[in-house]
Each structure stands twice: as structure tokens, then as C-alpha cells.
Amino acid sequence: MTIRYPGGKKYQPPTPKNNTSKKDYSFSNRGKTLEDEVNESNDYYLQHQLAVVHKKPIPIQIVKVDYPGRSRAVIREAYYRTPSTTDYNGVYKGYYLDFEAKETKNKTSFPLQNVHEHQVLHMRSVRQQQGIAFLLVAFQNLERYFFLSSEQLDIFWERMQQGGRKSITLEEFEQVGIEITPGYAPRIPYLNAVDHYVIGNESEDGARGE
């Protein structure tokens, strides 16, 4: 099936990734993408009534369908109706969550070309409504995961817009991000990072007397 963006550009699905790192918590995790791991973590959170977070559906306009059989239909071509915002949203402890999950094979930095401007603006809008917006980034070959708040993303995005570095270094993630230690269940316990972020914000607000 051919899927195209609103401008007509053909969508190329990501190539399945093989995890060759020796640091592995389970044979079942090998070859899984970050999306797989986040989806499984969300299932765990839902089953244990900790949070309700789902992957957002992507609106697609179907333009060509073949019918090889009387009761069979095969979609041959489709278009994205509108650009997507972020990958996931949901509710946790009364907080609205909205985030994008990205992974990179680069061992030293995360390219900002992996993020689109409309996604940055969307996360900024979420913050303006008191929601929590963030990037969940995986350095695949290092098996390291980071929570990067939308506020911090804005700083790096603005740096790039002003002609500066077009990526976020691993050292910068270590300095201003929140590292997430992968486990078994959930595989990516990102809600721990959300808790850390909320506590940090409350401490800052208290220091300012808000």
C-alpha cells in the first residue's frame, strides 16, 4: 500500500530494527522498536490502573482499493489528511500527557531533523494549557532512554533556528534530560520521569512563591 503526505510526498515506513546490544533484559525485547516498547509499557500502565495513555490514530484518506476477492479488500494508495502532531497522549494523576517518541542510532547526539516544527508548536500549546509535553528519546545502540521536556526542547530548537547546532548532544541529554532506566515490566517506565519532572516544577514554583 502506498501512503502519501498531504503534499503528495510518498511515506517511507521505518525499517525494522535489530537490537544487537549485549545489554538485554529479555530475549523478547530483541528487534523491538521504541514504539513497540512504549506500547507495551502503556498496556502495563493501563492494566495496573496507573495511567491511560494511547498512541494517536493517524487520519488517512484512502484513494485506491483493489478487490482481489468478493470478501477481500486491499488498500493500494492512501494519503495523510493532515500532518500528525505527536505520537501519544493520555492522563496520569490528573495531568494531561502529550509526547513524541523518537529513536536514533547515533551514539553521540540526537538530530533535530527528526522533529518537525508543527510538533514543537503543538507541544508548546499543550504546555500553555497546563499539560505536560515531552520527547521520549532512545539512543538505540547505547540502550539509553531520556525524557526531555518541551521547555528544554524549545531551547535547543531556538538555538538551531538561530544558526546553531542542529542536534542535541548526549551530554546535553545527561545534563537537562531525565534518564529512564529500562526494565522488564514496564519496559520503559517513563512515568517515573514524569513524576521527577512534576516534583522539579513544583519545587521551582515554591521557590518563586507561586
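This is a predicted model: local features need pLDDT of at least 70, side-chain atom pairs count only at pLDDT 80 or more; totals for chains, interfaces and linings use all residues.
The secondary structure of the protein chain consists of 5 helices and 11 strands. Of its 210 residues, 38% are classed as buried. Among contacts in the protein chain with a sequence separation of 6 or more, 64% join residues 24 or more positions apart.

According to an unreviewed UniProt entry, the feature "binding site" is assigned to Thr-85, Asp-87, Glu-100 and Gln-119. These positions span 35 residues in sequence, yet no two of their C-alpha atoms are more than 9.7 Å apart, so they gather at one spot.

Two of the annotated residues, Thr-85 and Asp-87, were examined individually. Thr-85 is located in the loop that links β4 (72-80) and β5 (88-92), and Asp-87 is likewise placed in the loop between β4 and β5. Thr-85 is partly exposed, its relative accessible area being 29%, whereas Asp-87 has a relative accessible area of 17% and is buried.

When residues up to four places away in sequence are set aside, the contacts of Thr-85 are Lys-56, Glu-100, His-118, Gln-119 and His-122. A polar contact of 3.0 Å connects the side chain of Thr-85 with the side chain of Lys-56. With residues up to four places away in sequence again excluded, Asp-87 touches His-54, Lys-55, Lys-56, Phe-99, Glu-100 and Ala-101.

Technical notes: Residues are numbered from 1 along each chain as its sequence is written. Side-chain values use heavy atoms; hydrogens and water are left out. Helices (H or I, at least four residues) and strands (E, at least two) are DSSP runs, numbered from the N terminus. Buried means under 20% relative accessible area, exposed over 50%, partly exposed in between (1.4 Å probe, protein chains only). Contact means heavy atoms within 4.5 Å. UniProt positions are given in the numbering used here, feature names are shortened, and annotations may be inferred rather than shown by experiment. A polar contact is a pair of N or O atoms within 3.5 Å; within protein, one must be able to donate a hydrogen and the other to accept it, and residues adjacent in sequence count only if both atoms are side-chain atoms.
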